[in-house]
Amino acid sequence: MSGKEPLLSPKNLRLLTDPLARNNPVTVLVLGICSALAVTVKLEPSIVMAISVIIVTAFSNLVISLMRNYIPPRIRIIVQLVVIAAMVIIVDQVLKAYAYNVSKQLSVFVGLIITNCIIMGRLEAFALGNKPWPAFLDGVGNGAGYGFILIVVAFFRELLGSGTLLGYPVLEKIGLYKTGYVNNGMMILPPMALITLGIIIWVQRSRNKDLIES
Amino acid sequence: MKGLRNYLDKIKPNFEKGGKLEKFHSLFDAVETLLYVPDKVTTSGSHIRDAIDMKRTMIIVVMAMVPALLFGIWNAGNFHFQSLGILQEKTFWQVFGYGLLKVLPIIIVSYVTGLTIEIIFAQIRHHDVPEGFFVTGMLIPLVMPVDVPLWMVSVSTVFAVIIGVEVFGGAGMNILNPALTARAFLFFAYPSEMSGDKVWVAGLKGGEGIVDGFSGETIMGYAAGGKLEQMPYSVSDMFFGFIPGSIGETSTLAILIGAIILIYTGVGSWKIIASVFAGGAIMGLLLNLFAVNEYMALPFWQHLIIGGFAFGAVFMATDPVSAAQTEKGKWIYGFLIGFLAILIRVLNPAYPEGVMLAILLMNVFAPLIDHYVVEANIKKRLKRLKTLKA
């Protein structure tokens with residue numbers, strides 16, 4: 001490690017903040033869509049999922065970066081998979097032990113973090129060619145970028161689909177149902193997750209014109 | 001009238017380029033061309049040049065819907081008073097008036113919501129207000145149950161115009177039929193307002209003073225529930241439309257009058273209409289052949305006059321934007337709509353009516369059909385060229 005560079009130099013800080021907006025793995029790179037559709041019905045599992053993915057991307061990036069000079073290129077994919085799988089199993093076990101209900105709600109999707117393209121993509125594109133600390137930051141950043149979108153989508157889906165936020169009946173408390181309002185059943189269905197995501201992408205691109213492909 | 005024209009001419013420069021109200025040009029243009037025949041003609045694209053412009057075309061479609069609309073308005077009153085058992089005491093105008101009070105708000109809400117969004121997008125994107133919503137705004141009320149809450153009409157119109165049309169680049173670029181998008185949204189978002197036996201007759205949900213034994217169940221409901229023999233409606237009821245259902249869909253006769261207007265003026269494709277009916281009839285025949293229950297044994301021609309089949313075939317499938325564009329493609333597109341509609345209707349118990357889903361599905365496939373029709377044509381001509389050369 002270059003001892004002179006401060007831990008959070010502007011360059012490193014960009015690794016952390018870039019994936020939140022300009023290089024968002026979900027809305028710009030369009031990775032990790034499947035789980036974004038599956039777990040965003042409620043806010044709580046989405047938050048847990050977001051944290052799990054941040055942990056897995058950050059630590060697998062760190063581990064792979066530490067090993068990057070010893071991994072033979074021809075078997076690097078399988079090595080990466082082993083590392084990711086180990087991380088995912090740890091996260092899964094922790095969830096089962098300390099947040100059993102959420103873990104049941106997330107069911108297979110925690111296990112399926114292994115197949116989340118963002119993680120493999122970051123290992124291939126970043127961790128294999130960078131030092132551990134930047135790789136770790138990159139992992140946190142990308143996990144957070146993914147989690148941020150997940151939480152935004154889940155916020156709207158839970159609020160409009162079930163009328164609650166984190167299980168708290170917001171719309172009932174402000175008395176919206178008395179005016180004849182009915183929960184939107186379509187928000188609970190997977191297509192609406194895709195459409196909500198599409199709207200986020202639309203908004204982002206109309207504000208950031210250089211993201212639009214020619 | 002002269003005064004209005006003069007007034008428009010007087011304020012027109014304000015909306016031209018450089019005028020102080022330039023921002024609102026699209027709004028001015030919409031009002032002016034609605035009132036008067038516009039003085040500009042289409043200059044780009046491969047359009048056939050004709051005296052008729054988009055607005056007149058759209059108005060013909062709206063006119064074709066008028067019979068179905070008028071019947072729907074009367075039928076709304078008819079079933080409301082029938083459910084209360086006081087139909088005999090009411091005059092025709094009382095029945096029609098009641099229906100008008102129920103239907104008119106839906107039409108107004110649909111137009112106001114849709115046009116507001118269209119105008120906002122026209123302002124943002126600096127183009128004229130497109131004409132497409134003339135038709136969509138009228139189609140949406142016609143496919144709604146009469147008792148639908150107005151805010152739901154508004155929400156589904158917003159969804160249809162933004163997600164169904166504007167994200168693809170505006171009217172003319174949409175993949176799906178916007179009116180059906182609105183209906184599909186309502187169907188999946190608020191199923192309790194769009195299905196069951198209570199929503200099709202005005203006032204039935206409140207349930208006050210309803211005559212014993214009256215049921216607002218549609219024919220589709222009877223059929224899906226396996227109680228066809230209890231159905232109180234005759235075949236002529238189905239054809240003339242004395243049955244509960246969405247506002248505009250019940251009377252096959254009124255829809256056929258609309259179809260004649262569309263075909264005579266050349267606005268709607270007769271190939272699509274004919275092939276939807278053909279597809280439905282063939283699927284119905286197939287089901288008749290392998291009938292294992294009463295619904296499958298329902299005579300195939302009756303399928304064509306119940307539910308939204310005729311309405312979908314005449315007004316929804318023929319939408320020139322979302323339908324197949326090639327002539328051969330239109331046959332395939334229409335045939336598959338009819339075929340799938342009856343298939344979904346009879347064999348999938350979750351969806352008592354399949355026309356909406358069949359049309360939306362085929363909307364998605366229409367570009368693919370066109371692609372293969374064009375490819376086949378190219379291949380055919382290449383072959384001809386080769387034999388000529390040889």
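## Close-up views of a predicted two-chain model

**View 1. Val56(A) and its neighbours.** Leaving aside residues up to four places away in sequence, Val56(A) touches Ile84(A), Met87(A), Val88(A), Val91(A), Ile113(A) and Ile119(A). Keep in mind as you explore that this is a predicted model.

**View 2. The largest nonpolar core.** Here we meet Val56(A) again: together with Val314(B), Tyr333(B), Ile337(B) and Ile359(B), Val56(A) touches the most other members of this core of 150 residues. The element that gives the most to the core is helix α15 (residues 327–347) of chain B, with 12 residues. Because domain 2 (65–208 + 239–248) and domain 3 (268–390) of chain B both give residues to it, the core lies between them.

**View 3. The domains of chain B.** The assignment for chain B lists domain 1 (2–35), domain 2 (65–208 + 239–248) and domain 3 (268–390). Between the C-alpha centres of domain 1 and domain 3 of chain B, the distance is 44 Å.

**View 4. Where chain B touches chain A.** On this side, 8 residues of chain B are in contact with 8 residues of chain A. Helix α7 (residues 178–189) of chain B supplies the largest share of chain B's side, 3 residues. That side of chain B has 8 nonpolar residues, with no polar and no charged ones.

**View 5. Chain A as a whole.** Chain A has 10 helices and 0 strands. Its C-alpha atoms fill a box of roughly 65 × 45 × 30 Å along the principal axes. Of the 214 residues of chain A, 37% count as buried.

Methods
Residues numbered from 1 in each chain as written. Chains lettered and ligands numbered in written order. Predicted model: local features only at pLDDT ≥ 70, side-chain atom pairs only at ≥ 80, totals over all residues. Contact = placed C-beta atoms within 7 Å. Helix = DSSP H or I, 4+ residues; strand = E, 2+ residues; numbered from the N terminus. Nonpolar A, V, L, I, M, F, W, Y, C, P; charged D, E, K, R; others polar. Core = buried A, V, L, I, M, F, W, Y, C linked by C-beta atoms within 7 Å. Buried ≥ 20, exposed ≤ 12 C-beta atoms within 10 Å, placed from the backbone. Domains from an automatic or database assignment.
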